[in-house]
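Q: I am new to protein models. Could you show me how to read one?

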Amino acid sequence: MAVEDAPLASNAAPPQKAEAREPGAATRRLAVPGLRETLRTGLRGVLDLALPPRCPASGVVVARPGGLAPAAWDAIRFLGGPCCNSCGLPFEAPLPEETRCAACDARSPQYDRVRAALAYDEASRSLLLHFKHGDRTDLAPVFARWMARAGAEILDQADQLIPVPLHRARLWRRRYNQAALLARELGVVSGVVTDPTLLRRDRATPSQGRLSPLARQRNVRGAFKAPDSLKGSVKGRRLVLIDDVFTTGATLDECARVLKRAGAAQVDALCLARVLRARF
Ligand SMILES: [Zn+2]
């Protein structure tokens, strides 16, 4: 299977400021149109020799930054088959399209549909941890392409993407919101507008890592707010929440509740990965 590579965001644009200071640079660019690309490729080759790009999952040296080693690629479980129409839990066999799992039937979540690109398991965990805590933000474009495939139907009908917000104290500690990076790249891939201002996290919540599903629900209750001044941008719209991992769905459920109360017509969600174990 082919290994998916993605260029680093920093490789996407040439260093404009440096060129602007160099007299006659534009003329030379026209005279030798392949020179810049040749220099860039050569520079990347030198850097790769000094610091060869490594697979974020396995640590094995790979051909291009952001690429996965073949073994890591094969180990990752991509989702996309028959699933619960609401929470996206994979089904073993095809069922009618509107079928929901027992958990969703029992509690009718506030979100309409959730889809995820990967199963959250041993194979994908290190990938996500490197992205979330290890500054591997260069992986966002690759992940966004995977998410766009898993959520093609949702994105086709979407008016706006909204990343699940971090509380400002946590954002300050982490320095970036991984959901916002994914939403930004998904906006590029899908052409759907991303607006991180439509939802904010007013209350800092303890980490949900060891909490039961019910405790998670209580933990996030009242944590999010749709600013009154922006409710006009939410009313009647089909919104898509973007997050990295779906665990019990408590966070997405609470975000969807707030957005629907603000007038949203539909709230779907798209995640990078999803926990598959029984939730309730
Ligand atoms: Zn379900």
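A few questions and answers follow.

A: Start with the ground rules. This is a predicted model: local features need pLDDT of at least 70, side-chain atom pairs count only at pLDDT 80 or more, and totals for chains, interfaces and linings use all residues. Residues are numbered from 1 along each chain as its sequence is written.

Q: How many residues of strand β7 are buried?
A: A residue is buried if 20 or more other C-beta atoms, placed from the backbone, lie within 10 Å of its own, exposed at 12 or fewer, and partly exposed in between. Strands are DSSP E runs of at least two residues, and helices are H or I runs of at least four, numbered from the N terminus. In β7 (residues 266-274), eight of the nine residues are buried, so the rest of the structure largely encloses this strand.

Q: Which way do β6 and β7 run, parallel or antiparallel?
A: Two strands pair if DSSP finds at least two bridges between them. Strand β6 (residues 238-246) and β7 run parallel, joined by eight bridges. Here L239 has V267 of β7 as its bridge partner. Strand β1 (residues 114-119) also runs parallel to β7, with five bridges. V114 stands opposite A269 in β7.
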